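Look at the sequence and the structure below, and keep both at hand while reading. The text goes from the whole chain down to single residues.

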Amino acid sequence: MARAFLFVLDSFGIGGAADAERYGDTGSNTFGHIARACAEGRADREGLRKGPLFVPNMLSLGLAQAAKTATGFCFDSGGLLASAFHGAAQEISSGKDTPSGHWEIAALPVRFDWGYFPDTVPAFPADLTEAIIREGKVPGILGNCHAPGTEIIERYGEEHVRTSKPICYTSVDSVLQIAAHEVHFGLKRLYEFCKVVRRLVDPLNIGRVIARPFIGETAASFERTHNRRDYSVPPPEPTLLDRLTARGSRVIAVGKIGDIFAHRGISEVRKAAGNMAMFDKALRAMDDAGDGDLVFANFVDFDTEFGHRRDVAGYAAALEAFDRRLPEALARLREGDLLILTADHGNDPTWHGTDHTRERIPVIGAGPGLGGDIGLRATFADIGETVAEHLGLARGRHGTSFYTAIGGHA
């Protein structure tokens, strides 16, 4: 029985991207800088965590070796599992955002340029703003600028509640985000409004429109909820997910995976609030997966809760919490299974600004009878092609499988 499990630790880059200078990210290293901060006591927080970064289970899969491959960064580790494999991968897609990273992991690099909004006030073209107000049937919009999500809600949230004007903002990514109150504006209304905006930004080639609902009554009490929804552009050609579902296999999407792929090539979506609840969903999906199936899970808290907020201690604690649960996934592996842990980009919490960082990603994992060093892969697409070969699919157009290099036999 051949099954595959892809777990994406959202934003857990390991530095070293060859083109980082193009993005202003030379020297960024999410894993390396978190590890160094922990070792130096700069990630201690009362009641949360203390001391050096403790992720023994990911280290047993080769995380330290992956980091050394990516940048030469050395991190003390113990022995490797006999069934573990490790390496790193370089992104060839344009941008450093979620769709680019995930599509490339699913064997479809983004070779075109996304549309972006300038870092000006206002950020959106006047005709777009007018269309959003008119066709979205709102009295106006607030924000219209580049901003971190929590900060802009604090700034405009009370006015939004009074006026029903949605808060619209962007970042260096190809995105238009819309924050609105779940009760005063309405969650269903927010989703419908985002669908209108999605249609309006299609001509601008904007990657995602994101609904960012929040609750609370004052700036001091506003809090974003886990009812986020991403409205993405559909991939321009078949991904690994399309290829699997076309032949009758199931793709079980855990977390925001369904949204990222515009729900194309997805058999079932399972969501939850928070990484640990998401891990529970992923474990149940592993139990439910059958021959030829893929479980594709995204653990978004690393990015949204800690990377963007530049919270080093929080990110470290989240990695340690994830690592403590990892043996539960490893215990579910049986003959013919393949588990890969990876990331979609970086988000170094020690870096300047609040945006993603262009980095290489770890490619570590395990499977009965597998193991080895896959080195530095030229594209994230090698991950998708490896899963494809493992699950018996014909070779795709992008990427090169490393399946035989880790002892796999198609």
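The centres of domain 1 and domain 2, taken over C-alpha atoms, are 29 Å apart. The model is a predicted one. In the domain assignment of the chain, domain 1 consists of two stretches, 3-112 and 236-405, and domain 2 covers 126-232.

The two domains meet. On the side of domain 1, 19 residues are in contact with 15 residues of domain 2. About 1300 Å² of area is buried between the two domains, and carbon and sulfur atoms give 49% of that area. Of the area that domain 1 buries against domain 2, D259, R309 and D355 supply 30%, more than any other three residues.

Next comes a loop with two residues to look at. Both V172 and S174 are in the loop between β4 and β5. β4 spans 167-170 and β5 spans 175-181. Is S174 buried or exposed? S174 has a relative accessible area of 1%, so it counts as buried, the limit being under 20%. Leaving out residues up to four places away in sequence, S174 touches D97, W114, G115, Y116, N205, I206, G207 and R208. A polar atom of the S174 side chain lies 2.6 Å from the backbone oxygen of G115.

V172 has a relative accessible area of 39% and is therefore partly exposed, as this value falls between 20% and 50%. With its neighbours within four places in sequence set aside, V172 is in contact with Y116, H146 and D355. D355 was named above as one of the three residues of domain 1 that together supply 30% of the area it buries against domain 2.

Another loop runs between β12 (337-342) and β13 (361-366), and W351 lies in it. Which residues does W351 touch, not counting those up to four places away in sequence? They are G24, D25, T26, G27, S28, H33, R310 and T357. W351 is buried because its relative accessible area, 18%, is under 20%. Its side chain also makes a polar contact of 3.1 Å with the side chain of H352.

H33, one of the residues that W351 touches, is placed in helix α1, which covers residues 30-39. H33 and W351 are 318 residues apart along the chain, yet 9.0 Å separate their C-alpha atoms. The relative accessibility of H33 is 17%, which means that H33 is buried too, again by the limit of under 20%. Besides W351, H33 touches G27, S28, D348 and T350, when residues up to four places away in sequence are not counted. With D348 there is a polar contact between the side chains, at 2.5 Å.

Helix α12 is the next element. Its 19 residues, 312-330, reach 27 Å from the first C-alpha to the last, close to the 27 Å expected at 1.5 Å a residue. The helix has a kink of about 30° at R324, shortly before the proline P327. At the start of α12, a side-chain oxygen of D311 comes to within 3.5 Å of the backbone nitrogen of A313. α12 is mostly covered, with 16 of its 19 residues buried.

The peptide bond from V121 to P122 is cis, and its omega is near 5°. A107 has a relative accessibility of 3% and so counts as buried.

N144 is not a glycine either, and its phi is positive, about 55°. This residue lies in strand β3, which covers residues 142-146. With a relative accessibility of 12%, N144 counts as buried.

Key
Residues are numbered from 1 along each chain as its sequence is written. This is a predicted model: local features need pLDDT of at least 70, side-chain atom pairs count only at pLDDT 80 or more; totals for chains, interfaces and linings use all residues. Side-chain values use heavy atoms; hydrogens and water are left out. Helices (H or I, at least four residues) and strands (E, at least two) are DSSP runs, numbered from the N terminus. The expected span of a helix is 1.5 Å times one less than its number of residues. The bend at a residue is the angle between axes fitted to the seven residues ending there and the seven starting there. Buried means under 20% relative accessible area, exposed over 50%, partly exposed in between (1.4 Å probe, protein chains only). A polar contact is a pair of N or O atoms within 3.5 Å; within protein, one must be able to donate a hydrogen and the other to accept it, and residues adjacent in sequence count only if both atoms are side-chain atoms. Domain bounds come from an automatic or database domain assignment. Contact means heavy atoms within 4.5 Å. Buried area is the accessible area (1.4 Å probe) that two parts lose on being put together, summed over both.
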